[in-house]
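Keep the viewer open as you read.

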Amino acid sequence: MPATANGGARPEEAAAATSVSSSAASCMGTRPEELTARLAGSGPAPGAGCGGSGAGGEAAEHERVRALREIKNQIIGNRTKKLLYLRLGAVPAVVAALAEPGASPAALVQAAAAAGSFACGVEDGARAVLAAGAVGHLTRLLVHPDEKVVDASARALRMIYQSKLAPKFDVNSGKNMDFVLSLLNSENENVTELAANIISHSCENSAEQLSLCSAGVPQKLVSLFGGSMNLRDACLDSVTAVIRNNSEVAKRFASMDHGKGFRSVVGLIHDRSPRTRLLACLCLIALGHASPCHFQDKQIKTKLIMVLLELMEEPGHVGDEAPLALTTLIKDSLELQKQALTTNAVEKLSSHLLANSLETKRAVTILLALSELCSELEESRSQLMSAEVSTLILEALKHDWADIRVAACSCLKNISRSPKVISGGRLSCDTVIGSLIQLLYDSSASVQVAALGAICNIAISLAPRKSILLHSGVVSQLVHLSKSMDPTLRLKSVWALRNIMFLQSPKDKDFIVKELTLSTLSSLICDSEHFVQERTLALVHNLVDGYVESANYVIGEDGMVIDAIARQLNNASAPGVCIQGMLVLANIAAANEMTKKVVMNALLPHRTDSIKPSFVVKFLQSKDNQLRLATLWCLLNLIYPKCEASSGRVIGLQNAGVIQQVKSMINDPCLDCKSTYGA
């Protein structure tokens, strides 16, 4: 977190201050306006630092050093002072001292420390330092003959590279790669640590990761684990960046030097430093996700879970990030979620949640970890739902901090996968639904999306008692959100409507359709985003499922809905859209002769272009098993032998080349398609 106005300096700022403050500031009470003017007025000092002996030059240089030192001492750890000096335009004058050819080592050291401090923790400060060209000047000073100047420049660049605004190094460029390697091979640890920071900041795609790997960067980083704690941590973070989401690099790293690098990282999860243990865990998690086959040791995985649970006890950043790392580790892994359950992870996380204020970042990360633990396992949900935790989650839904509300919704989303929790009295349905509906009006789109995710699951869990939802006013707000400019909000709101529609009575379906309107439904079928189209067609599928009369919604009102479906099937390229569309038509075709006629017209419209084949033939030739199966079911419902006009429809389909394609599927590789063909 950024330092407060009167808070202490960040560790890196404090280290920089210790290394460059040769004496206490003599005029700490000097007003910033005066100091800024003094620095700007000191100007270049001809001869200073270059052997010049002019008394005027020496005095000007001495004045500049004093002004730089005083500014630096005032801004370290003081966000308010940084912002004030930014408004006064002090940064260009500070960076100008770095650019001055005749500047003394003392001036360069103080200017570098001040520039780094301006960039540390304040984005506006980083922006101003970058705009003034500090990176180029500081990089040039890394080869300065004075070691103190090199140290100060490396520290300043490290602080600058903590900002997302810092420039990226294109390591695919030979010149840039040589530069990074030269920094890594430096005997100065501050410079080497800077190289690791640059790699972590700039390594963004697989091509860069492979280039760094081919250049031997991972081996070099591992060899530096024996350095200082700060260097070791920077190298760990850099290794993680190089292997993240890259199976090839992860594979090479795991087998590097017969597994030496991998064993070195494993060893660091036992380090005395909590931050080192956390970074080692994150590195192993990245390796496991990128190359699961090289990370199958169950004992190491269990140890990772235990270490991360222990790290929650740590104060500050490490304790805040440990639950998030645990979430990443167990995400989408039933095996690891079961292992976490055996280590009493739910109980430990719940205890920490109850012991910590909801105002903290740790509460957010703990809620997210609990959410992931409850995503698959019923036992985890049961353990979580103590009266105290249930009350706390409901309180979190009303919290002022959006991140807390999102995390609480995520918890409820996964808890509500269990009908026992929602219907068994552990959570009051009315209270939960009422709170979630309020969040649909939230000013934060991320909160609205999270609330919609929870409502989607609750709508399924409450299958026997959906009247609670229908009479809660949620449908009208879902319809409103389905018209949002945000595609994710449209998707999630349609998804919730689809789940509410599932297995409803004709009366309740009629209520939902009247709220939604067929016009809006048609528009959503033709939405610009294919995933919204797919989910809308799934909604229509649930609408027409179960009751013959429901087909009238699709074929009535001048056929606007069926026309929209036909247009999408003619033009859609996304398999999911085509599958859902054919399932809708299959359900409609099962109703009666009138609906079969409507479906035939949708499949084989009258057109002058007789050359273009029907999309049905294309679907039957698809490599997607589900699409072929859905299309076959639709055709089967149209030509079922006992239907009155089935022979006429067979002729129409035969003329369009559909029947010939169906006959060629007698040996379809999909067993479901073969059995449907036999039917």
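Two residues count as in contact when they have heavy atoms within 4.5 Å. On that basis, residues 24 or more positions apart account for 72% of the contacts in the protein with a separation of 6 or more. Bear in mind that this is a predicted model.

The secondary structure is quickly told: the protein has 43 helices and 0 strands. Its 679 residues include 53% that count as buried.

Now for the inside. In soluble globular proteins, nonpolar side chains tend to be buried together. Here, the largest nonpolar core has 227 residues, and F118, L436, I565, M582 and L603 touch the most other members. What is F118 in contact with, leaving aside its neighbours within four places in sequence? The partners of F118 are I71, I75, K82, Y85, L86, A90, V91, V94, G125, A126 and V129.

Next, the second largest pocket, which has a volume of about 320 Å³. Its lining consists of 18 residues, of which K331, S371, S410, K413 and N414 are the closest to the centre. Helices α22 (361-373), α25 (402-415) and α28 (445-461) each give two or more residues to this lining, and α25 gives the most, with 4 residues. By class, the lining of the second largest pocket divides as follows.

| Class in the lining | Count |
|---|---|
| Nonpolar | 4 residues |
| Polar | 7 residues |

Methods. Residues are numbered from 1 along each chain as its sequence is written. This is a predicted model: local features need pLDDT of at least 70, side-chain atom pairs count only at pLDDT 80 or more; totals for chains, interfaces and linings use all residues. Side-chain values use heavy atoms; hydrogens and water are left out. Buried means under 20% relative accessible area, exposed over 50%, partly exposed in between (1.4 Å probe, protein chains only). A nonpolar core is a set of buried Ala, Val, Leu, Ile, Met, Phe, Trp, Tyr and Cys residues joined through side-chain atoms within 4.5 Å. On a 1 Å grid over the protein atoms alone, a cavity is a set of points where a 1.4 Å probe fits but cannot get out, and a pocket is an open set with protein on both sides within 12 Å along at least five of seven lines; lining residues have an atom within 4 Å of a point. Grid points are joined across faces, edges and corners, and a volume is the space filled by probe spheres set on the points. Ala, Val, Leu, Ile, Met, Phe, Trp, Tyr, Cys and Pro count as nonpolar, Asp, Glu, Lys and Arg as charged, and the others, Gly among them, as polar.
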